[in-house]
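Please read them with the coordinates open beside you.

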Amino acid sequence: MVIKMMSRLKQLRLEKQYTQIKMQMLTGIDQSDYSKLENGKRYYTFKQCKKIAIALETSMDYLAGLTDEKQPYR
């Protein structure tokens with residue numbers, strides 16, 4: 001499950017053509033910490049997950065692997 005979440009995180013970032021630095025600018029999460037999130041070396045907090053979901057225009061459920069629907073709830 002952890003690997004699925006991390007691969008989704010990186011996949012979405014790359015689909016948007018965002019760098020980790022861009023994600024830092026959008027979320028306020030330090031680039032080195034963001035890298036650890038993508039590589040499964042650190043878990044994100046609820047607050048971080050929310051910021052990432054907003055920046056990547058997806059749902060927190062998608063990031064957590066609870067749904068396969070990428071679109072955010074409207």
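1. Contact, as the word is used in this note, means heavy atoms within 4.5 Å. The model is a predicted one, and the values below should be read with that in mind.

2. I begin with Q20, which belongs to helix α2. Leaving out residues up to four places away in sequence, Q20 touches R13, Q31, Y34, S35 and E38. The side chain of Q20 is also joined to that of Q31 by a polar contact of 2.5 Å. With a cut-off for burial of under 20% relative accessible area, Q20 counts as buried because its relative accessibility is 16%.

3. On the α2 side the contact involves Q20, I21, M23 and Q24, which meet Q31, Y34, S35 and E38 in α3. Sorted by class, the residues of this contact are three nonpolar, four polar and one charged.

4. Helix α2 (residues 20-27) also packs against helix α4 (residues 46-55), where the axes come within 9 Å and cross at roughly 110°. These two helices are therefore roughly perpendicular to each other, and α2 passes α4 in a right-handed crossing. The residues that meet are M23, L26 and T27 from α2 and K51, I52 and A55 from α4. By class, the contact of α2 with α4 divides into four nonpolar residues, one polar and one charged.

5. Within helix α2, L26 deserves a separate remark. Is L26 buried, exposed or partly exposed? Its relative accessibility is 41%, so L26 counts as partly exposed. When neighbours within four places in sequence are left aside, L26 is in contact with Y18 and A55. The C-alpha atoms of L26 and K51 are 7.9 Å apart in space, although these residues are 25 residues apart in sequence.

6. In helix α1, I would look at R8. At 6% relative accessibility, against a limit for burial of under 20%, R8 counts as buried.

7. Most residues other than glycine have a negative phi. Q17, however, has a phi near 60°, a positive value in a residue other than glycine. Q17 lies in the loop between α1 (2-15) and α2, and Q17 is exposed, with a relative accessible area of 72%. The other case is E57, which has a positive phi of about 55° although it is not a glycine. E57 is placed in the loop between α4 and α5 (60-64).

Notes
Residues are numbered from 1 along each chain as its sequence is written. This is a predicted model: local features need pLDDT of at least 70, side-chain atom pairs count only at pLDDT 80 or more; totals for chains, interfaces and linings use all residues. Side-chain values use heavy atoms; hydrogens and water are left out. Axes are lines fitted to C-alpha atoms, for helices over the stretch in contact, and angles run from 0 to 180 degrees between N-to-C directions. Helices (H or I, at least four residues) and strands (E, at least two) are DSSP runs, numbered from the N terminus. Angles under 35 degrees count as roughly parallel, over 145 as roughly antiparallel, 65 to 115 as roughly perpendicular and the rest as oblique. A crossing is left-handed if the near helix is turned anticlockwise from the far one by less than a right angle, and right-handed if clockwise. Ala, Val, Leu, Ile, Met, Phe, Trp, Tyr, Cys and Pro count as nonpolar, Asp, Glu, Lys and Arg as charged, and the others, Gly among them, as polar. Buried means under 20% relative accessible area, exposed over 50%, partly exposed in between (1.4 Å probe, protein chains only). A polar contact is a pair of N or O atoms within 3.5 Å; within protein, one must be able to donate a hydrogen and the other to accept it, and residues adjacent in sequence count only if both atoms are side-chain atoms.
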